[in-house]
Amino acid sequence: MATRQIRHVAVHLLTPLLMCLGMGLAYLGAFHQPEPNHLAVAVVGDNAQVKVLAQSLKDKGGNALDVITVPTRDDAIDKLRHRDLAGAYVPDREKPELLVAKAGSDTTAMAAEAVFGQVAGLQNTPLTVTDVTTPSSGDPTAQGIFFLLVALSIGSYGSVAAISAAGAGLPLWQRGIIGLITSLLVSLIGLALAGPVFHIVDHDLGAIWGMSWLYAAGILSIGIGLHTFLRRWTTLAMMVLFVMLNFTSSGGVYSPWLQNDFFGTLHRFWNGAGFVEGARSLLYFDGIGLGSRMASLALWLAAGVALMAVAGLAEKRQAAPKHAAPETAVAEAAEEEMEEAVGV
């Protein structure tokens with residue numbers, strides 16, 4: 001009996017230990033050593049001196065910097081607002097200026113400032129930093145959107161275990177409806193916190209709420225569909241998808257310009273990046289780039305709906321033809337599901 005009990009404990013310990021390993025690999029792999037990786041910067045001007053400066057920066061920076069020249073300050077601001085640049089340096093003998101878009105990524109702006117601060121330092125002149133964006137009153141670093149993402153994600157994937165366990169006896173379409181309602185509640189909680197409570201979002205509240213609902217519904221639909229196949233391993237899978245790979249590639253802490261190529265590639269299509277960059281587009285960049293990020297969120301939801309459809313067919317095939325499982329067995333299975341941990 002003791003051996004059987006120890007084996008039972010060991011099996012249950014496997015999940016948190018794998019979570020520990022996965023979280024360490026993901027978070028440390030993404031955040032432990034932020035450094036420029038093809039950081040896109042520009043020098044403003046079209047004379048020979050500007051071209052020489054840009055080329056010397058490119059030669060010195062190697063793969064860390066992608067340096068271009070732009071003819072005017074207005075052109076540089078336009079590229080910053082399209083988030084094609086991390087910073088643009090305007091040379092001047094007495095008052096050199098660095099243009100940045102801190103609402104796109106405060107840490108990226110700091111990296112650009114570090115690069116061109118050295119350039120200005122060679123001239124013994126102070127560097128003036130100009131932010132071309134205006135963060136909201138309650139979010140001066142414009143990182144609040146990332147923490148809203150964290151809240152929405154935990155509320156969504158944490159609800160998957162509850163719905164799947166407590167609703168184990170319900171047909172999948174009913175669990176799907178519960179999931180849709182839950183995603184609505186999660187998005188409303190997020191909206192209340194981001195809007196009237198902390199003032200992270202000070203305009204376009206309705207649009208941010210719609211994006212939040214779309215994001216939460218995508219996670220819940222994928223989780224409910226996966227549960228049919230993974231059972232008690234669903235929480236681990238959800239953490240891999242929507243914490244380990246999601247938070248680290250969202251651009252909320254470090255942009256792809258300060259990460260390795262793996263997380264930079266995920267940033268192009270992962271749903272967390274879709275929400276963070278989509279919200280930034282809406283709040284700080286006049287909607288530039290919003291369409292592609294909304295399409296990303298819609299595709300994640302579509303994938304979840306498709307997965308639920310496949311899961312529904314699988315459950316029909318697996319259904320017992322005569323007798324349902326005893327209530328005690330269902331209760332034990334539900335209890336096992338609820339034992340899964342939720343973490344970030």
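**Figure 1. Charges and overall dimensions of the predicted chain.** The mean positions of the 21 positive and 28 negative charges of the chain lie 7 Å apart. The model is predicted. Its C-alpha trace spans about 85 × 45 × 35 Å along the principal axes. The chain holds 13 helices and 5 strands. Of its 344 residues, 47% count as buried. Where contacts join residues at least 6 apart in sequence, 77% of them join residues at least 24 apart.

**Figure 2. A patch of negative charge on the surface.** Asp74, Asp75, Asp78 and Asp84 gather here. One of these residues, Asp78, sits in helix 3, which covers residues 73-81. Asp78 is partly exposed, because its relative accessibility of 43% falls between the limits of 20% and 50%.

**Figure 3. A salt bridge between Arg73 and Glu97.** The two side chains meet with an N to O distance of 2.9 Å. The pair links distant parts of the chain, with Arg73 in helix 3 and Glu97 in strand 4 (residues 97-100), 24 residues apart. Arg73 has a relative accessible area of 34% and is partly exposed. Glu97, at 15% relative accessibility, counts as buried.

**Figure 4. Arg81 and its salt bridge with Asp286.** The closest N and O atoms of Arg81 and Asp286 are 2.9 Å apart. This pair also joins distant parts of the chain: Arg81 belongs to helix 3, Asp286 to the loop between helix 11 (271-284) and helix 12 (290-318), and 205 residues separate them. Arg81 is buried, since its relative accessible area of 18% is under 20%. Asp286 counts as exposed, its relative accessibility being 64%. Setting aside neighbours within four places in sequence, the contacts of Arg81 are Val132, Thr133, Tyr284, Phe285, Asp286 and Ile288. In general, side chains of opposite charge can pair when their charged atoms come close.

**Figure 5. Glu277 and Arg280 in helix 11.** A salt bridge joins the side chains of Glu277 and Arg280, at 3.4 Å from N to O. The two residues are 3 apart in helix 11, so about one helical turn separates them. Glu277 is buried at a relative accessible area of 8%, and Arg280 counts as buried at 2% relative accessibility. Salt bridges that share partners connect Arg83, Glu277 and Arg280 in one network.

**Figure 6. The backbone at Arg83.** Arg83 is not a glycine, yet its phi is positive, at about 60 degrees. The residue is placed in the loop between helix 3 and strand 3 (87-90). With a relative accessibility of 22%, Arg83 counts as partly exposed. Most residues other than glycine have a negative phi.

**Figure 7. The backbone at His38.** His38 has a phi near 55 degrees, a positive value in a residue other than glycine. The loop that holds His38 runs between helix 1 and strand 1 (39-44). His38 is partly exposed, with 33% relative accessibility.

**Figure 8. A nonpolar patch on the surface.** Leu14, Leu18, Leu21, Leu25, Phe229, Leu230, Trp233 and Val310 make up the patch, and together they have about 710 Å² of accessible area. Helix 1 (2-31) and helix 7 (205-230) each contribute at least two of the patch residues. Helix 1 gives the largest share, 4 residues. Leu14, located in helix 1, is partly exposed at 39% relative accessibility.

How values were computed. Residues are numbered from 1 along each chain as its sequence is written. This is a predicted model: local features need pLDDT of at least 70, side-chain atom pairs count only at pLDDT 80 or more; totals for chains, interfaces and linings use all residues. Side-chain values use heavy atoms; hydrogens and water are left out. Patches are made of residues with over 30% relative accessible area and no salt bridge: like charges are joined within 9 Å, nonpolar side chains (Val, Leu, Ile, Met, Phe, Trp, Tyr) within 5 Å. Accessible areas come from the Shrake-Rupley method with a 1.4 Å probe; for residues, only the protein chains shown count as cover. A salt bridge is a side-chain nitrogen of Lys or Arg within 4 Å of a carboxyl oxygen of Asp or Glu. Lys and Arg count as positive and Asp and Glu as negative; His and the chain ends are not counted. The place of a charge is taken as NZ of Lys, CZ of Arg, CG of Asp or CD of Glu. Buried means under 20% relative accessible area, exposed over 50%, partly exposed in between (1.4 Å probe, protein chains only). Contact means heavy atoms within 4.5 Å.
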